[in-house]
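Me: I would like to go through the terms used for this fold and see what each one rests on.

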Amino acid sequence: MKYNIAVIPGDGIGPEITAEAVKVLEAVGEKFGHEFRFAYADMGGCAVDKHGVPLPEETVAVCKASDGVLLGAVGGPKWDKLPGHLRPETGLLGIRSALGLFANLRPAKLFGELAAACPLKPEIAGGGFDIMIVRELTGGIYFGERGRETDANGMESAFDTERYSAYEIERVGRAAFRLAQAKRLCSVDKANVLETSRLWREVMHRLKEEYPDVEYSDMLVDNAAMQLVRDPKQFDVIVTSNMFGDILSDEAAMLTGSIGMLPSASLGSGTFGLYEPIHGSAPDIAGQNRANPAAMILSAAMLLRISLGLSGEAAAVEHAVSEAFAKGFRTADIMSEGCVLLGTSEMGNAIAASINT
Ligand code: IPM
Ligand code: MG
């Protein structure tokens, strides 16, 4: 079969890690007899430099013409002083919104081989955990009205608004309930303070009647932040708003040993999706062949499974990642005693080689 994959390398370590994901997909193509055609597009700071905008229309078109999108990361100090509409991050929010990708799946799974890199005590994390965070991605405070005002005395103020419609909550809620069949679903909000959270909770409670197979609970976000480190095994699926999901997924990522480990899939109502690691562009280590490509490669595995329906191939990629760890290969972020330190491209080689065997 032939598949069209859009690749947006972006800024910082983005180009290095996407190159490794492409390498691994090529190994998959060879082994399983698929042809992957990669179409590259610019977004983020590099797009500002080249095209004057963080999200060129051409990039949206390339994505729309593809079966799925691989995205590295965007942003960096070079573009931090630009006005909001030109910031690289605006390109990222723009593409999520332009492609209608309202459900962001962020699986935080502790690989057995990386137990030593997990910051939790063995009695808490022992035996591993496997949490799926479903983050609402195209609404809430990220997309609400914002601005600045100066009053008569010259005092400056700024505001950002959180708004959610019942429709926006329901569609991401359904995505989460479907993933939580026969499992536990915890909806995280701040319903003791925020009106948007009170509507969120009402909608989730309506939905839970339709999904009797799901063991549903609510949790306030401050408590959820604490419970994640106190007892991560209590969670199967978490569903939450855009900003809470942003914050809790970084916390969950660290529990897996490194933020360099967590992939993500951003989906709309069908199988089309955009796949990106949850970490950023890490400008401090960019261009040094030091970044961990695992989150990006595991994102490519999600693309294979969800957008292309190639679950065997996806499992082969995930297995190859575990196998590289089992052989003792580590990037700097997850290095531990007695292991072999590899650079970004050597880790990609190791994973690709294990697919071929
Ligand atoms: C993420 C990132 C982005 C977000 C930034 C770069 C805008 O932190 O994907 O989690 O907040 O969504
Ligand atoms: Mg984030």
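**Sheet and helices**

Reply: In this predicted model, an open sheet of mixed pairing is formed by 10 strands, in the order 2-1-3-12-11-4-5-10-8-9.

Me: What makes strand 2 and strand 9 stand at the edges?

Reply: Strand 2 (35-40) and strand 9 each have a single partner strand, so one side of each has no neighbour in the sheet. Direction ignored, neighbouring strands of this sheet are turned by 25° against each other on average.

Me: How do you know that strand 1 and strand 3 pair?

Reply: Pairing takes at least two bridges between the strands. Strand 1 (residues 2-10) and strand 3 (residues 68-73) have five bridges, in the parallel sense, so they count as paired. Among the residues involved, Val 7 has Leu 70 of strand 3 as its bridge partner.

Me: Which strands does helix 3 touch?

Reply: Helix 3 (residues 57-64) packs on the sheet and touches strand 1, strand 2 and strand 3. The direction of helix 3 makes about 150° with that of strand 1.

Me: Which residues of helix 8 are called buried?

Reply: Buried means under 20% relative accessible area. In helix 8 (residues 221-230), Val 221, Ala 224, Gln 227 and Leu 228 are the buried residues.

Me: Why are they said to be on the same side of helix 8?

Reply: Because the arc they cover around the axis is only 110°.

Me: What do the buried residues of helix 8 pack against?

Reply: They pack against strand 5 (130-136), strand 8 (184-189), strand 9 (215-220), strand 10 (237-240) and helix 9 (242-255).

Note on methods: Residues are numbered from 1 along each chain as its sequence is written. Chains are lettered from A and ligands numbered from 1 in the order in which they are written. This is a predicted model: local features need pLDDT of at least 70, side-chain atom pairs count only at pLDDT 80 or more; totals for chains, interfaces and linings use all residues. Side-chain values use heavy atoms; hydrogens and water are left out. Buried means under 20% relative accessible area, exposed over 50%, partly exposed in between (1.4 Å probe, protein chains only). Helices (H or I, at least four residues) and strands (E, at least two) are DSSP runs, numbered from the N terminus. The arc is that of the directions from the helix axis to the C-beta atoms. Contact means heavy atoms within 4.5 Å. Axes are lines fitted to C-alpha atoms, for helices over the stretch in contact, and angles run from 0 to 180 degrees between N-to-C directions.
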